[in-house]
Amino acid sequence: MAQSINITELNLPQLEMLKNQLDQTAEDAKDFFKRKIDFLTKQMEKIQPALQEKHAMKQAVMEMMGQKIQQLTALGAAQATAKA
């Protein structure tokens, strides 16, 4: 657990040391998130081709299903007129 400090009780060198620690912590956080962003960007670039291929396959399947539905609808209509 972090220690509670009353900054009014600190002298100038102690305040400067605390400021440097906070600055370093902020720099570490910036570095961490930059690495995280770079990692996620690379992962997205890796999966993008597979996702594009899957999207193209889905579109082809949807198109084929649409054609089959039209054929079945036309066949059903032709059979209905043949019976009448």
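A salt bridge, as I use the term here, is a side-chain nitrogen of Lys or Arg within 4 Å of a carboxyl oxygen of Asp or Glu.

**Ground rules.** I'm working from a predicted model, where local features need pLDDT of at least 70, side-chain atom pairs count only at pLDDT 80 or more, and totals for chains, interfaces and linings use all residues. Residues are numbered from 1 along each chain as its sequence is written, and side-chain values use heavy atoms, with hydrogens and water left out.

**Salt bridges.** I looked up how many there are by that rule, and the count is three.

I began with lysine 34 and aspartate 38, whose side chains meet in a salt bridge at 3.2 Å, N to O. Both sit in helix α1, four residues apart, about one turn of the helix. (Helices are DSSP runs of H or I, at least four residues, and strands are runs of E, at least two, numbered from the N terminus.) Lysine 34 counts as exposed at 52% relative accessibility, while aspartate 38 is partly exposed at 33%. For those words I used these cut-offs: buried is under 20% relative accessible area, exposed is over 50%, and partly exposed is in between, with a 1.4 Å probe and protein chains only.

Next I checked aspartate 23, which bridges to lysine 19 with the closest N and O atoms 2.8 Å apart. These two also lie in α1, four residues apart, about one turn of the helix. Aspartate 23 comes out partly exposed, at 37%.

Then came lysine 30 and glutamate 27, joined by a salt bridge at 3.8 Å, N to O. They are three residues apart in α1, again about one turn. I noted lysine 30 as exposed at 54% and glutamate 27 as partly exposed at 39%.

Does its end-to-end distance agree or disagree with what its 72 residues should span? Helix α1 covers residues 12-83 and should span 106 Å at 1.5 Å a residue; its end C-alpha atoms are 101 Å apart, which agrees. The expected span is 1.5 Å times one less than the number of residues.

I also found a kink of about 35° at glutamine 48 in α1, shortly before proline 49. The bend at a residue is the angle between axes fitted to the seven residues ending there and the seven starting there.

**Rings.** I found one aromatic pair in the structure. The ring centres of phenylalanine 32 and phenylalanine 33 are 5.0 Å apart and their planes are at 80°, so I put the pair down as edge-to-face. (Rings of Phe, Tyr and Trp, with its six-membered ring, pair if their centres lie within 6.5 Å; planes under 30 degrees apart are stacked, over 60 edge-to-face, the rest tilted.) Phenylalanine 32 is partly exposed at 40%, whereas phenylalanine 33 is exposed at 51%.

**One more residue.** Last, I looked up leucine 15, which is in helix α1. It is partly exposed, at 33%.
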